[in-house]
Amino acid sequence: MEADPERARGEAAGWLILLDDDPSDEDRQAEFRVWLEAPGNRAAWESVSRTGALLAGVGTEPAASPVGFPGTGGPNPVWRPWTRRPIILATVLALFGAVVLTPSLVRKLEADHATGTAQVRSVQLGDGSKVQLGPDSAIRLSFSTSERRVTLLSGEAQFDVTPDSSRPFRVVARHATTTVLGTRFGVVMLEGGTSISVARGHVEVDATMRGSTYELFAGDWVRVDRDGSVRQGADLPDFLLAGPGSRLAVRNRPVAEVVERLRPWFSGRIVIANGSIGDQPVTGVFDATDPADALDAIVGPQGGRVLRVTPWLLIVLAG
């Protein structure tokens with residue numbers, strides 16, 4: 001499996017909380033060692049531990065830290081409890097500030113229209129087209145006499161396009177470009193890929209990496225993954241339904257992907273500490289307006305549970 005550095009750092013930050021919560025739990029220690037051996041996780045753990053050591057003022061080498069950062073040099077690192085718990089939260093906040101908050105701020109500075117946490121906004125464009133932005137989403141506009149171009153910088157949006165045969169309407173996302181003359185459709189950008197679904201009309205989707213074009217009509221959907229692979233179908237898709245509504249409809253998608261879609265509705269941070277629970281498939285409809293309860297409903301049937309560390313930090317773990 002391809003290593004995801006950002007996800008690995010998020011999981012490492014979660015392990016800081018979990019291991020400190022009960023340092024004597026041998027099963028958790030064993031699970032931590034298994035997690036550590038997955039591709040990219042050891043480097044992420046060393047980076048997170050080093051950040052904590054710096055915040056604690058004890059140098060840059062976690063193995064030598066007197067406050068109990070686990071050594072990472074040996075084959076079987078063991079967690080020793082920290083003596084100053086506030087350092088843990090400071091480390092997590094510092095990590096998320098670097099990994100999550102800064103890119104989000106940059107996107108919004110580039111945007112013509114943007115939303116915040118749990119905010120849904122309707123925007124009428126200069127040509128009469130309408131856009132409904134989902135939470136924590138951003139778009140940039142570039143209209144000319146020959147083209148109407150909207151770049152989805154983050155999140156998701158639904159478009160109700162005013163027909164204009166002389167100026168095609170294009171939505172550019174990370175993995176795909178959607179072209180339309182007049183229709184209603186949605187585009188969702190997730191970490192793993194971009195999905196497009198059509199409510200009415202006809203669109204063409206160009207998969208950026210593959211160089212292929214897909215025609216979609218009412219009820220059709222396509223997902224272009226970040227590795228270039230493409231899935232398509234009709235009616236209820238096998239992934240999260242597009243659209244910035246407050247209810248998430250999911251069928252047979254990994255917990256990690258569903259949680260990613262839930263994150264824009266939560267004012268704090270959600271961390272999946274156990275990669276195994278993140279890989280479990282989930283099906284259901286969840287109310288995003290209450291993220292904590294929705295998270296319980298998502299991971300509970302998979303044998304997971306949610307640790308509420310603060311009102312702004314939720315940790316997902318197995319069992």
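**Basis.** I worked from a predicted model in which local features need pLDDT of at least 70 and side-chain atom pairs count only at pLDDT 80 or more, whereas totals for chains, interfaces and linings use all residues. I numbered residues from 1 along each chain as its sequence is written, and side-chain values use heavy atoms, with hydrogens and water left out.

I looked up the strand order and found an open sheet of 7 strands, 2-3-6-9-10-13-14, with antiparallel pairing. Strands (E, at least two residues) and helices (H or I, at least four) are DSSP runs numbered from the N terminus; two strands pair if DSSP finds at least two bridges between them. Strand 2 and strand 14 (230-234) each have a single partner strand, so one side of each lacks a neighbour in the sheet. I noted an average twist of 15° from one strand to the next. Helix 5 (residues 255-262) packs on the sheet and touches strand 6, strand 9 (184-190) and strand 13 (220-225). The direction of helix 5 makes about 110° with that of strand 9, where axes are lines fitted to C-alpha atoms, for helices over the stretch in contact, and angles run from 0 to 180 degrees between N-to-C directions.

**Strand 3.** I then followed strand 3 (residues 130-133), whose covered face holds Val131 and Leu133 and whose uncovered face holds Lys130 and Gln132. Strand 3 pairs with strand 2 (residues 121-124) over 4 bridges, and Leu133 stands opposite Arg121. In the hairpin of these two strands, Gly128 takes a positive phi near 95°. Another 4 bridges join strand 3 to strand 6 (residues 156-160); here Val131 faces Phe159 and Gln132 faces Gln158.

**Cores.** I took a nonpolar core as a set of buried Ala, Val, Leu, Ile, Met, Phe, Trp, Tyr and Cys residues joined through side-chain atoms within 4.5 Å. The largest has 28 residues, of which Phe159, Phe169, Phe185, Val187 and Ile196 touch the most other members. Apart from it lies another core, of 23 residues, including Leu248 and Phe266.

**His175.** I located His175 in the loop between strand 7 (169-172) and strand 8 (176-180). His175 is buried, at 8% relative accessible area; buried means under 20%, exposed over 50%, partly exposed in between (1.4 Å probe, protein chains only). The side chain of His175 makes a polar contact with that of Thr194 at 2.9 Å (a pair of N or O atoms within 3.5 Å; within protein, one must be able to donate a hydrogen and the other to accept it, and residues adjacent in sequence count only if both atoms are side-chain atoms). Beyond four places in sequence, the contacts of His175 (heavy atoms within 4.5 Å) include Leu190, Asp206 and Arg226.
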